[in-house]
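Subject: Structure handover

Hello,

Here is the structure I said I would pass on. Please have it open while you read the notes below it.

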Amino acid sequence: MSLSLDAPAQDAPAVADDDVWLECIACGAQFAPFDAVRFTCNDCDGLLEVRYADPPTFADFEGEGVWRYAAALPFEEGEARSASDGAAGGGGAWYSLPEGDTPLHEVPRLSEDLGVNRLRIKHEGMNPTGSFKDRGMTVGVRVARELGVGRLACASTGNTSAALAAYGARAGMETLVLLPAGKVAAGKVAQASLHDARILEVDGNFDACLDIVQDLAARGEVYLLNSLNPFRLEGQKTIGFEILEEFREDYGRLPDRIVLPVGNAGNTAALYKAFRELVAAGAMDADEVPALTGVQAAGAAPMVEAIENGADEVRRWESVETRATAIRIGNPVNAPKALPGIRATGGTAVAVDDEAITEAQRDLAREGVGVEPASAASVAGLRKLREAGRVDADEDVVCLTTGHLLKDPDAAYEAGGDPEPVDNSTEAVLEHIGAK
């Protein structure tokens with residue numbers, strides 16, 4: 001495998017902090033990380049990445065949760081550690097709930113059914129607000145405090161709003177979330193509401209909401225915390241670090257493939273960045289990097305279209321529809337980061353229909369792993385790739401599930417079995433269940 005590092009570790013630029021800087025992935029322009037609020041390149045409007053003069057190795061990681069990876073985050077070590085341990089004056093209670101340290105479940109029956117050597121489920125639904133978004137928000141809100149901004153905002157299909165509302169509340173900051181009217185699961189709206197965010201329901205889809213939030217951010221009205229924000233992805237890349245550490249501890253090797261749902265493609269971009277940094281630091285070899293494999297719902301699959309057509313850019317889908325609401329996105333903003341990650345790691349992308357997603361949700365539930373529909377897309381995608389012979393039987397695979405079952409209780413109820421009425425007596429129950 002030829003892994004393009006795009007030089008995440010290189011000669012530090014002449015900016016205020018020469019250990020950490022922002023760099024445009026399109027034109028290479030470099031910027032100090034905290035001298036101004038910026039989400040895209042000042043010169044060409046390209047996407048930005050956080051870069052480090054000295055990327056971390058596994059030996060640099062200590063502690064627990066997301067902040068265990070402080071050496072791989074854009075703060076001085078003492079500042080980063082104060083964000084998680086509540087050190088005097090550090091404001092730790094503002095930034096961490098805590099998050100991370102999510103389980104890597106064994107699912108032996110499902111592994112045998114799919115016919116792979118090993119299958120583990122990285123269940124990000126076990127984060128504080130029930131999704132992987134908490135990892136990005138603990139870092140993003142810490143950056144917001146660093147920059148001194150006043151109002152946080154996001155567009156959301158639900159999970160981002162819940163996480164931002166919780167972390168904004170923790171920080172005592174005003175929070176604004178824009179949701180597509182009638183398109184967000186009730187459990188997620190309830191979280192944002194209870195955490196005291198202002199909820200604006202927009203007559204449009206997620207991509208329209210994001211257009212508005214980006215415009216508000218450009219006018220200086222809000223600090224945007226969607227995954228367009230490069231600092232948010234720094235928190236999300238810790239998913240990759242955890243998977244590698246946990247898998248190596250259990251099996252003495254790294255997984256061959258990581259399969260993950262794709263909406264805005266932030267996790268795909270973040271995991272690719274984590275692996276590049278470890279390769280650059282000499283902590284792993286390029287040929288050990290897992291193949292990143294993205295899965296989208298068939299009704300919202302612009303990334304899959306680009307991969308299948310060999311395109312360098314993603315065509316925006318104006319109309320998208322799927323019951324997997326968390327990935328109902330037609331214009332994945334992180335595609336310029338994620339497409340190279342899929343290709344450079346030898347991965348692929350596949351679309352699955354809603355029926356396959358629901359069946360995968362049931363399959364996971366039978367193993368005791370409860371996830372929302374979008375999460376189950378990863379398992380549905382793995383099944384489709386195995387049936388097509390595009391994933392080998394001898395592979396060790398990790399499927400990423402991104403949100404908890406209770407994020408979308410209506411979908412869970414519809415996927416489950418119906419209640420069975422029975423008369424009010426022990427005898428009636430015994431008779432109904434066929435007991436002797």
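Strand 1 (residues 20-24) and strand 2 run antiparallel and are joined by two bridges. Within that pairing, Glu23 has Gln30 of strand 2 as its bridge partner. In general, the strands of a sheet pair through backbone hydrogen bonds, in either the parallel or the antiparallel sense.

Some conventions before going on. This is a predicted model, in which local features need pLDDT of at least 70 and side-chain atom pairs count only at pLDDT 80 or more, while totals for chains, interfaces and linings use all residues. Residues are numbered from 1 along each chain as its sequence is written, and side-chain values use heavy atoms, with hydrogens and water left out. Helices (H or I, at least four residues) and strands (E, at least two) are DSSP runs, numbered from the N terminus. Two strands count as paired if DSSP finds at least two bridges between them. Buried means under 20% relative accessible area, exposed over 50%, and partly exposed in between (1.4 Å probe, protein chains only).

**Phe75**

Phe75 lies in the loop between strand 3 (48-52) and helix 1 (77-85). Is Phe75 buried or exposed? With a relative accessible area of 9%, Phe75 is buried. Val20 is 55 residues from Phe75 in sequence, yet their C-alpha atoms are 8.2 Å apart in space.

Strand 10 (residues 257-261) is mostly covered, with five of its five residues buried. Arg257, Val259 and Pro261 point one way from the strand, and Ile258 and Leu260 point the other way.

Strand 10 has a parallel pairing with strand 11 (residues 291-297) over five bridges; there, Leu260 has Gly294 as its bridge partner. Strand 10 is also parallel to strand 13 (residues 396-401), with three bridges, and Val259 stands opposite Cys399 in that strand.

Strand 10, helix 10 (residues 266-280) and strand 11 form a right-handed β-α-β unit. Right-handed here means that, with the strands pointing away from the viewer, the path from the first strand over the helix to the second runs clockwise.

**Two helices**

The expected span of a helix is 1.5 Å times one less than its number of residues. Helix 10 has 15 residues and reaches 21 Å from its first C-alpha to its last, close to the expected 21 Å. Because 14 of its 15 residues are buried, helix 10 is largely enclosed by the rest of the structure. Gly282, which follows helix 10, has a positive phi near 80°.

Helix 14 (residues 373-387) has 15 residues that should span 21 Å, which agrees with the 21 Å between its end C-alpha atoms. With 11 of the 15 residues buried, helix 14 is likewise largely enclosed by the rest of the structure. The buried residues include Pro373, Gly381 and Leu385. Helix 14 is followed by Gly389, whose phi is positive, near 75°.

**Val422**

Val422 is in the loop between helix 15 (409-415) and helix 16 (426-433). Val422 counts as partly exposed because its relative accessibility is 41%.

Regards
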